[in-house]
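Subject: Structure for your files

Hello,

Here is the structure you asked about, followed by notes on what was found in it. Please keep it open while you read.

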Amino acid sequence: MKEITITSENFEAEVLQSEKPVLLDFWAEWCGPCRMLGPVLADFAEKHDDVKVGKVNVDEQQALAMSFGIMSIPTLILFREGKPVAQRVGLLSASELEAFAGV
(Lines give C-alpha, C1' and ligand atoms only; values in the text may rest on other atoms or scores of the structure.)
Protein backbone atom coordinates (compact mmCIF):
# COMPACT_ATOMS: atom_id res chain seq x y z
CA MET A 1 0.00 0.00 0.00
CA LYS A 2 1.22 3.47 -0.78
CA GLU A 3 1.67 6.20 1.83
CA ILE A 4 -1.11 8.75 2.01
CA THR A 5 -0.98 12.44 2.83
CA ILE A 6 -2.94 13.24 5.98
CA THR A 7 -4.50 16.67 6.45
CA SER A 8 -6.95 18.10 8.93
CA GLU A 9 -9.62 17.58 6.23
CA ASN A 10 -9.11 13.81 5.84
CA PHE A 11 -7.77 12.96 9.33
CA GLU A 12 -11.05 11.67 10.73
CA ALA A 13 -11.85 9.45 7.73
CA GLU A 14 -8.32 8.12 7.15
CA VAL A 15 -7.11 7.76 10.76
CA LEU A 16 -9.91 7.84 13.33
CA GLN A 17 -12.33 5.71 11.28
CA SER A 18 -9.71 3.37 9.79
CA GLU A 19 -10.31 -0.35 10.27
CA LYS A 20 -6.55 -0.94 9.97
CA PRO A 21 -3.87 0.35 12.34
CA VAL A 22 -2.49 3.69 11.13
CA LEU A 23 1.15 4.74 11.41
CA LEU A 24 1.43 8.54 11.16
CA ASP A 25 4.72 10.23 10.33
CA PHE A 26 4.91 13.87 11.40
CA TRP A 27 7.68 15.35 9.22
CA ALA A 28 8.93 18.41 7.29
CA GLU A 29 10.80 18.91 4.00
CA TRP A 30 13.72 20.68 5.71
CA CYS A 31 14.26 17.93 8.32
CA GLY A 32 17.28 15.73 7.56
CA PRO A 33 16.26 12.78 9.75
CA CYS A 34 12.74 12.99 8.24
CA ARG A 35 14.20 12.67 4.74
CA MET A 36 16.27 9.69 5.89
CA LEU A 37 13.19 8.02 7.38
CA GLY A 38 11.14 8.62 4.21
CA PRO A 39 12.47 5.66 2.17
CA VAL A 40 12.25 3.35 5.21
CA LEU A 41 8.57 4.28 5.66
CA ALA A 42 7.85 3.95 1.92
CA ASP A 43 9.36 0.46 1.93
CA PHE A 44 7.38 -0.43 5.08
CA ALA A 45 4.15 0.79 3.44
CA GLU A 46 4.79 -1.36 0.36
CA LYS A 47 5.47 -4.49 2.44
CA HIS A 48 2.68 -4.17 5.02
CA ASP A 49 -0.84 -3.87 3.62
CA ASP A 50 -2.21 -4.50 7.09
CA VAL A 51 -1.02 -1.07 8.33
CA LYS A 52 -1.96 2.26 6.76
CA VAL A 53 0.97 4.69 6.58
CA GLY A 54 0.15 8.39 6.60
CA LYS A 55 2.40 11.43 6.37
CA VAL A 56 1.61 14.74 8.07
CA ASN A 57 3.68 17.72 6.90
CA VAL A 58 3.99 19.79 10.09
CA ASP A 59 4.60 23.01 8.14
CA GLU A 60 1.35 22.60 6.19
CA GLN A 61 -0.71 21.03 9.00
CA GLN A 62 0.36 23.02 12.05
CA ALA A 63 -2.96 22.68 13.88
CA LEU A 64 -2.93 18.90 13.50
CA ALA A 65 0.67 18.69 14.72
CA MET A 66 -0.14 20.93 17.69
CA SER A 67 -3.16 18.82 18.61
CA PHE A 68 -0.76 15.91 19.23
CA GLY A 69 1.87 18.02 20.96
CA ILE A 70 4.50 17.41 18.30
CA MET A 71 7.68 19.13 19.50
CA SER A 72 10.35 17.22 17.56
CA ILE A 73 10.34 15.55 14.18
CA PRO A 74 10.21 12.97 12.87
CA THR A 75 7.56 11.75 15.28
CA LEU A 76 5.67 8.54 14.62
CA ILE A 77 2.31 7.85 16.24
CA LEU A 78 0.58 4.48 15.93
CA PHE A 79 -3.23 4.49 16.01
CA ARG A 80 -5.39 1.44 16.63
CA GLU A 81 -9.18 1.70 16.48
CA GLY A 82 -8.88 5.48 16.18
CA LYS A 83 -6.77 5.95 19.31
CA PRO A 84 -3.06 6.76 19.61
CA VAL A 85 -1.42 3.77 21.31
CA ALA A 86 2.32 4.41 20.83
CA GLN A 87 4.63 7.29 19.96
CA ARG A 88 8.27 7.42 18.97
CA VAL A 89 10.54 10.37 18.14
CA GLY A 90 13.55 10.15 15.85
CA LEU A 91 14.96 8.05 13.07
CA LEU A 92 14.14 4.32 13.08
CA SER A 93 15.65 1.43 11.15
CA ALA A 94 13.38 -0.92 9.20
CA SER A 95 13.46 -3.53 11.97
CA GLU A 96 12.78 -0.91 14.68
CA LEU A 97 9.85 0.40 12.61
CA GLU A 98 8.37 -3.08 12.27
CA ALA A 99 8.75 -3.68 16.03
CA PHE A 100 7.13 -0.29 16.79
CA ALA A 101 4.19 -1.06 14.49
CA GLY A 102 3.86 -4.56 15.92
CA VAL A 103 4.18 -6.42 12.61
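Is Cys31 buried or exposed? Cys31 is buried, because its relative accessible area is 5%, and the cut-off for buried is under 20%. Please bear in mind that this is a predicted model.

The disulfide

Cys31 is joined to Cys34 by a disulfide, with 2.4 Å from S to S. The count for the structure is one disulfide. The torsion about the S-S bond of Cys31 and Cys34 is about 75°, so this disulfide is right-handed. Cys34 is buried as well, with a relative accessible area of 3%.

The chain as a whole

The chain has four helices and five strands. Along the sequence they follow the pattern β-α-β-α-β-α-β-β-α. The radius of gyration is 12 Å, close to the 13 Å that the globule rule gives for 103 residues, so the chain is as compact as a globular protein of that length. Its C-alpha trace spans about 30 × 30 × 20 Å along the principal axes. Of the 103 residues, 45% are buried. Taking contacts between residues at least 6 apart in sequence, 68% join residues at least 24 apart.

Strand E2 covers residues 22-27, and six of its six residues are buried, so the strand is largely enclosed by the rest of the structure. In a regular strand the side chains alternate between the two faces of the sheet. In E2 both faces are covered: Val22, Leu24 and Phe26 are buried on one side, and Leu23, Asp25 and Trp27 are buried on the other.

E2 runs parallel to strand E3 (residues 52-57), and six bridges join the two. Between E2 and E3 the chain passes through helix H2 (residues 32-47), and this β-α-β crossover is right-handed. Val22 has Lys52 as its bridge partner in E3, and Leu23 has Val53.

Strand E4 (residues 75-80) is joined to E2 by five bridges, and these two strands run antiparallel. The bridge partner of Leu24 in E4 is Ile77.

Strand E3

E3 is mostly covered too, with six of its six residues buried. Lys52, Gly54 and Val56 are buried on one side of E3, and Val53, Lys55 and Asn57 are buried on the other. Note that the buried residues of E3 include Lys52 and Lys55. E3 also pairs with E1 in the parallel sense, over two bridges. There, Gly54 of E3 is the bridge partner of Ile4.

The nonpolar cores

Which residues have the most contacts inside the largest nonpolar core? They are Leu24, Phe26 and Ile73, in a core of 18 residues. Helix H1 (11-16), E2, helix H3 (62-67) and E4 each supply at least two residues of this core. E2 gives the most, with four residues.

Leaving aside neighbours within four places in sequence, Leu24 is in contact with Ile6, Phe11, Val15, Gly54, Val56, Thr75, Leu76, Ile77 and Phe79.

Two loop residues

Gln61 sits in the loop between E3 and H3. Gln61 counts as buried, because its relative accessibility is 12% and the cut-off is under 20%. Beyond neighbours within four places in sequence, Gln61 is in contact with Ile6, Thr7, Ser8 and Val56.

Asn10 is in the loop between strand E1 (4-5) and H1. At a relative accessible area of 22%, Asn10 is partly exposed. Not counting residues up to four places away in sequence, Asn10 touches Thr5 and Val15. Asn10 and Leu64 are 54 residues apart along the chain, and their C-alpha atoms are separated by 11 Å.

Regards

Technical notes
Residues are numbered from 1 along each chain as its sequence is written. This is a predicted model: local features need pLDDT of at least 70, side-chain atom pairs count only at pLDDT 80 or more; totals for chains, interfaces and linings use all residues. Side-chain values use heavy atoms; hydrogens and water are left out. Buried means under 20% relative accessible area, exposed over 50%, partly exposed in between (1.4 Å probe, protein chains only). Two strands pair if DSSP finds at least two bridges between them. A crossover is right-handed if, with the strands pointing away from the viewer, the path from the first strand over the helix to the second runs clockwise. A nonpolar core is a set of buried Ala, Val, Leu, Ile, Met, Phe, Trp, Tyr and Cys residues joined through side-chain atoms within 4.5 Å. Contact means heavy atoms within 4.5 Å. A disulfide is a pair of cysteine sulfur atoms within 2.5 Å. The radius of gyration is taken over C-alpha atoms; the globule rule is 2.2 Å times the number of residues to the power 0.38.
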